[in-house]
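Please look at the chain from one end to the other before reading on, and keep both the sequence and the model in view.

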Amino acid sequence: MLRVAVDKQLRDFTFSVRVEVPDGVTAIVGASGSGKTTLLRLIAGLLRPDSGTVELTGRSLSNGRAFVPPFRRDIGFVFADYALFPHLSVAQNVGYGLRARRYPAGARRRRVRALLERFEIGSLGGEHPNELSSGQRQRVALARALAFEPKALLLDEPLSALDPQTRDRVRDELRAILAELTIPTLLVTHDEADRAAFSERVLRLSAGRIVQDGP
């Protein structure tokens, strides 16, 4: 269970959200600038709240006194632009989080190899992000987010960079992957097809507040 109760003063409004997110996919929708990505960044620790708490599986990540840094939160994050390291190979990108967490080299290599095969990019381990298609970069970003077996997953419009034909195919692949996970997953999207495909619950944000919460 992911529990969020945070406040943050932004330029245009005060962001204030109280929500519990169980296992499974919850979609976050709303107009541009409503606070969708801000919510993910607060959960991930990329943005510090002014007050409130973030708790994951009973562990406090932010409570006004303590603030756990992003790399210690056990939260996977797939950014809208994928945010892959251009100077690292595909295998190095996927293994980055494992290395930061000091996984043994042998275990790291085995985990990376298994993920590359799972996402059907095993032959691309030595390539660099600028040599990949958008669909391939999306797979690398997802593999990197799942490499350390996170306890929650955040997806910030993960299909927005894909062309329409690739998007339909990758949506089906991503849906199958997410169906296997038993962790709280938050998916930011503007696309009705994505919302319908992935989630059983939808949160609608407006000016930093949840204004709708339902199936």
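Predicted model: local features only at pLDDT ≥ 70, side-chain atom pairs only at ≥ 80, totals over all residues.

Residues are numbered from 1 along each chain as its sequence is written, and side-chain values use heavy atoms, with hydrogens and water left out.

The chain has 7 helices and 10 strands, where helices (H or I, at least four residues) and strands (E, at least two) are DSSP runs numbered from the N terminus. Its radius of gyration is 17 Å, close to the 17 Å given by the globule rule for 215 residues, so the chain is as compact as a globular protein of that length; the radius is taken over C-alpha atoms, and the rule is 2.2 Å times the number of residues to the power 0.38. Along its principal axes, the C-alpha trace spans about 45 × 40 × 30 Å.

How much of the chain counts as buried? Of the 215 residues, 47% do, where buried means under 20% relative accessible area, exposed means over 50%, and partly exposed lies in between (1.4 Å probe, protein chains only). The chain exposes about 10500 Å², of which carbon and sulfur atoms supply 48%; accessible areas come from the Shrake-Rupley method with a 1.4 Å probe, and for residues only the protein chains shown count as cover. Among contacts in the chain with a separation of 6 or more, residues 24 or more positions apart account for 67%, contact meaning heavy atoms within 4.5 Å.

Strand β1 (residues 2-9) and strand β2 (residues 14-21) pair in the antiparallel sense over 8 bridges, and two strands are said to pair if DSSP finds at least two bridges between them. These two strands, β1 and β2, form a hairpin with 4 residues between them, and valine 6 stands opposite valine 17 in β2. Strand β1 also runs antiparallel to β4, to which 6 bridges join it, and here leucine 2 stands opposite leucine 56 in β4.

Aspartate 7 has its place in strand β1 and is buried, with a relative accessible area of 18%. Leaving aside its neighbours within four places in sequence, aspartate 7 is in contact with Phe15, Ser16, Arg18, Pro49, Asp50 and Ser51. Glutamate 55, which lies in strand β4 (residues 51-56), is partly exposed at a relative accessible area of 26%. With neighbours within four places in sequence again left aside, glutamate 55 is in contact with Met1, Leu2, Arg3 and Ser60. The C-alpha atoms of glutamate 55 and arginine 73 are separated by 9.9 Å, and the two residues are 18 residues apart along the chain.

Strands β6 and β7 run parallel and are joined by 4 bridges, with alanine 152 in β7 as the bridge partner of isoleucine 75.

Parallel pairing is also found between strand β3 (residues 24-29) and strand β9 (residues 201-206), which are linked over 4 bridges, and alanine 27 stands opposite valine 202 in β9. Strand β9 is joined by 5 bridges to strand β10 (residues 209-214), and these two run antiparallel. In β10, glutamine 212 is the bridge partner of arginine 204. Strands β9 and β10 form a hairpin with 2 residues between them, and alanine 207 in the turn has a positive phi of about 50°.

Most residues other than glycine have a negative phi. Aspartate 74, although not a glycine, has a positive phi of about 55°, and it is found in the loop between β5 (59-62) and β6 (75-78). Glutamate 157, also not a glycine, has a positive phi of about 45°, and its place is in the loop between β7 (152-156) and α6 (164-180).

Is aspartate 194 buried or exposed? Aspartate 194, in helix α7 (residues 192-198), is buried, with a relative accessible area of 4%. Not counting residues up to four places away in sequence, aspartate 194 touches Leu159, Arg167, Arg171, Leu187 and Thr189.
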